[in-house]
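Here is a friendly briefing to read alongside the model. Have the sequence and the 3D view open as you go.

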Amino acid sequence: MNMNTIKLTACAATAALFVSGCENLSPGENAAIFGGLSGVGAGAIARNAGASTGESIAIGAVTGAVVAVTVYIIAKHQATERQREVAEERARVAAARMENQRLAAASAKKKRKSRYIAVDTERNSQSTGKKSVMIFDTESKEIVGNNVYDVESTPSKGEVAKFDTYSAEYVGTGA
């Protein structure tokens, strides 16, 4: 049997066992594991690409930190009418404020407009995270879908985070 096939099969089986074993971990535990593994992988790639040992360690540490501080969605559920109203009102205020800031800064430098923004909404009996967030499309001026994302940790205001397939700038309550 081909040695490369054996290695590939063993790696795939190990990865499958590892991922299935992590299904019951908390978001923080997942952040530590996947951040650490990403850092080791990035450091190894950098070292093999010709970076010095110190450079590869620095690259691995930064990569691991970036992966570890992603937004962890711990639950997703359908929004109530009230949650949708609150999110839409807050998002419209935030989008208008962001547009005014972008126009004011346009003469000095270009600031990219975020198409999607993540806005806090009310928590309800289905909410399980620290915050409940909905996604707003600044071009169509509508809430995207009817999903509420319950998150364990929220990004800083102005930071772009991934919510399902949307990369959205977090605006908090929009105030």
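**Briefing: salt bridges, cores and strands**

E122 is partly exposed, with a relative accessibility of 29%, where buried means under 20% relative accessible area, exposed over 50% and partly exposed in between (1.4 Å probe, protein chains only). This is a predicted model, in which local features need pLDDT of at least 70 and side-chain atom pairs count only at pLDDT 80 or more, while totals for chains, interfaces and linings use all residues. Residues are numbered from 1 along each chain as its sequence is written, and side-chain values use heavy atoms, leaving out hydrogens and water.

**The chain as a whole**

- The chain holds four helices and seven strands; these are DSSP runs numbered from the N terminus, with helices being H or I of at least four residues and strands being E of at least two.
- Read from the N terminus, the order of elements is α-α-α-β-α-β-β-β-β-β-β.
- Of the 175 residues in the chain, 32% are buried.
- The accessible surface is about 10,600 Å², and carbon and sulfur atoms account for 58% of it; such areas come from the Shrake-Rupley method with a 1.4 Å probe, and for residues only the protein chains shown count as cover.
- Taking contacts (heavy atoms within 4.5 Å) between residues at least 6 apart in sequence, 56% join residues at least 24 apart.

**Salt bridges**

- Side chains of opposite charge can pair when their charged atoms come close.
- The chain has six salt bridges, each being a side-chain nitrogen of Lys or Arg within 4 Å of a carboxyl oxygen of Asp or Glu.
- E122 pairs with R82 in one of these salt bridges, with 3.3 Å between the closest N and O atoms. Because E122 sits in the loop between strand 2 (116–121) and strand 3 (131–137) while R82 belongs to helix 4 (residues 81–106), this pair ties together parts that are 40 residues apart in sequence. R82 is partly exposed, at 45% relative accessible area.
- R115 and D137 form another salt bridge, their closest N and O atoms being 2.8 Å apart. R115 lies in the loop between helix 4 and strand 2 and D137 lies in strand 3, so the pair ties together parts 22 residues apart in sequence. R115 is partly exposed at 37% relative accessible area, whereas D137 is buried at 6%.
- E152 and K130 meet through their side chains in a salt bridge with an N to O distance of 3.8 Å. This pair links distant parts of the chain, 22 residues apart: E152 is in the loop between strand 5 and strand 6 (160–163), and K130 is in the loop between strand 2 and strand 3. E152 is partly exposed at 29% relative accessibility, and K130 is exposed, with a relative accessible area of 59%.
- Salt bridges with shared partners also join R115, D137 and E139 into one network.

**Nonpolar cores**

- The largest nonpolar core has 13 residues, and I117, M134, F136 and V171 have the most contacts inside it. A core here is a set of buried Ala, Val, Leu, Ile, Met, Phe, Trp, Tyr and Cys residues joined through side-chain atoms within 4.5 Å.
- Helix 4, strand 2 and strand 3 are the elements that give two or more residues to this core, and helix 4 gives the most, with five residues.
- Beyond its neighbours within four places in sequence, I117 has contacts that include A91, A94, A95, M98, M134, F136 and V171.
- Another core, of 11 residues, lies apart from the largest one; among its members are V133, I135, V144 and Y170.

- N147 is located in strand 5 (residues 147–151). Its side chain makes a polar contact with the side chain of Q78 at 3.0 Å. A polar contact is a pair of N or O atoms within 3.5 Å; within protein, one must be able to donate a hydrogen and the other to accept it, and residues adjacent in sequence count only if both atoms are side-chain atoms.
- Strand 6 pairs with strand 7 (residues 166–172) in the antiparallel sense over four bridges, pairing being called when DSSP finds at least two bridges between two strands.
- A161 and F163 form the covered face of strand 6, and V160 and K162 the uncovered one.
- V160 stands opposite E169 in strand 7, and E169 is buried at 12% relative accessible area.
- The hairpin of strand 6 and strand 7 has two residues between the strands, and D164 there takes a positive phi near 55 degrees.
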